[in-house]
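Reader: I want to learn how to read charged contacts and metal sites. Can we work through a case together?
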Amino acid sequence: MQPSDTPPVEFDLTIRNGRISNADRTFFADIGVRNGVIVEVARGLPAGKQDVDAGGMWVLPGGIDSHTHIEQLSGMGVMCADDFYSGTVSAAFGGTTTILSFAAQHRNDRIPDVLEDYSRRAREKAVIDYGFHLILANPDEQALMHDLPAVIDAGITSFKVYMTYDKLKLDDYQLLDVLAVAGERGAMVMLHAENHDMIRWVARRLLERGHTAPKFHAVSHDPLAESEATHRAIALSRLINVPVLIVHVAGAETVDIIRKAQHLGAQVYAESCPQYLFLEAKDSDLPGFEGAKFCCSPPPGDKASQEAVWQGFKDGTLNVYSSDHAPYRFDESGKLPKGDATTFKEMANGVPGIELRLPLLFSEGVMKGRLTLEEFVALTSTNHAHMYGLAPRKGAIAVGADADLVLWDPNRKTVVSAEMLHDRVGYTPYEGREIQGWPVEVYSRGRCVIKDNQLQVERGSGQFIARSRPDPVLNRRAPAEGRGIFSQFIGLKSATATE
Ligand code: DUC
Ligand code: ZN
Ligand code: ZN
């Protein structure tokens with residue numbers, strides 16, 4: 001065929017004139033999309049069937065929120081306020097196009113049943129793409145030998161385990177068992193690192209003395225509980241040379257411990273969240289039960305811990321910024337199970353943040369010059385994709401990637417209120433904050449999901465994403481010389497990309 005006879009390339013969608021940022025650079029180009037996938041990134045592309053002028057907008061990869069609690073029964077037996085519909089709608093309005101949520105095993109549950117149950121509910125309701133992390137509460141032989149390998153093969157390549165909470169806590173021996181399977185089969189282990197007995201010991205004494213108000217939640221979680229458990233988790237990971245990811249890092253000493261371990265060559269990764277940048281423990285010191293709206297675990301600290309978290313994001317100690325959206329209503333279904341008699345120990349732990357995660361960091365980080373736009377993209381999307389086996393499909397604006405794209409208006413000013421949000425929590429700990437910059441148009445696999453402040457897609461139109469092995473697990477380094485001599489005698493294996 002002569003060049004002149006070549007039919008023009010047909011795009012389903014062209015986004016033109018945008019200022020595009022990936023984690024490594026910012027440039028001007030048009031984006032051509034076919035069948036939900038980016039097929040060209042270049043200037044002067046022909047119009048698509050749908051043609052969008054992104055002039056004046058900043059075009060970024062869709063946000064990936066790798067820590068969300070949706071339609072989940074907590075360890076304390078409390079159901080989240082958001083289901084897979086409201087949770088994903090709220091995520092999309094905030095510029096997120098993929099969530100990783102938890103499928104939570106409780107100790108007597110069969111793991112295949114847990115996954116089947118969460119999968120069915122998400123399939124019926126989600127409006128954006130999703131995957132699961134398995135919360136593992138009972139690493140018995142059936143789980144270690146059979147269920148975890150099957151789960152990983154099914155594309156659920158990460159587990160969350162807890163070092164605290166009576167009904168979830170694993171001991172160090174059990175943590176090593178889980179890490180060993182993750183290292184052999186190729187999964188990322190996410191750790192909730194807090195010292196259970198330190199918290200329990202202090203909490204009991206506070207309650208005995210009548211200190212029951214929400215503000216005592218933070219008092220009972222001394223920052224040492226987090227830093228001690230983090231240090232221990234890293235030691236377990238180093239012992240058998242399996243990467244770990246410490247979730248929801250709050251304290252300055254914890255950031256420091258992670259940084260030092262990384263300098264020693266430890267394969268430790270870490271996450272923090274909006275509540276540790278924008279809230280403080282003293283926010284929960286309010287009359288009555290109002291303070292419960294600010295309570296999560298670990299609790300936010302003070303100005304110094306906020307600074308440490310900013311610094312951790314800036315220097316690469318902290319790799320992913322997630323919401324840890326844990327939506328509990330301000331009533332007996334959530335925060336106040338015993339009404340006015342609820343003590344800080346009985347409140348559901350967690351704060352909402354799925355919709356404001358990106359706007360808050362965009363405004364306070366990018367607009368105020370604390371982060372570059374490329375760093376923002378890395379922390380909110382690209383690093384999640386690599387950490388959890390979603391790359392190269394998600395996390396970048398590149399040929400071959402899903403067309404998960406967000407058009408940001410960097411000038412839009414918004415005053416946050418609970419009414420403007422789309423979750424079912426009914427309050428936000430960020431009420432009244434002024435934000436500059438907003439995700440005004442959102443595309444998921446080329447489908448327009450949000451436009452003109454309206455949802456454009458049907459419930460159930462999101463897809464389950466079977467994830468590959470996380471990059472840090474596949475690419476893990478050999479142990480330092482002299483470390484782990486025992487492993488040659490007990491035959492620890494490593495996951496490979498071909499499994
Ligand atoms: N851990 C979480 O990850 N989220 C909410 C509460 C908790 O303990
Ligand atoms: Zn946790
Ligand atoms: Zn969480």
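Reader: Which side chain meets Glu346 in a salt bridge?

Author: Side chains of opposite charge can pair when their charged atoms come close. A salt bridge puts a side-chain nitrogen of Lys or Arg within 4 Å of a carboxyl oxygen of Asp or Glu. Here Lys338 meets Glu346, at 2.8 Å from N to O. This is a predicted model: local features need pLDDT of at least 70, side-chain atom pairs count only at pLDDT 80 or more, and totals for chains, interfaces and linings use all residues. Residues are numbered from 1 along each chain as its sequence is written, ligands from 1 in the order in which they are written, with chains lettered from A, and side-chain values use heavy atoms, leaving out hydrogens and water.

Reader: How many salt bridges does the structure hold?

Author: It holds 34. One of them joins Arg357 and Asp65 (3.7 Å, N to O). Arg357 lies in helix H11 and Asp65 in strand S6, so the pair ties together parts 292 residues apart in sequence. Helices (H or I, at least four residues) and strands (E, at least two) are DSSP runs, numbered from the N terminus.

Reader: Is Arg357 buried or exposed?

Author: Buried means under 20% relative accessible area, exposed over 50%, partly exposed in between (1.4 Å probe, protein chains only). Arg357 has 0% relative accessibility, so it counts as buried. Asp65, also at 0%, counts as buried.

Reader: Which protein donors hold the zinc ion (ligand 2)?

Author: Donors are N, O and S atoms within 2.8 Å of the metal (3.2 Å for Na, K and Ca); water is not among the atoms, so sites may look incomplete. Here they are Lys160 (NZ), His192 (ND1) and His248 (NE2), 2.1 to 2.2 Å from the ion. The zinc ion (ligand 3) is 4.3 Å from ligand 2.
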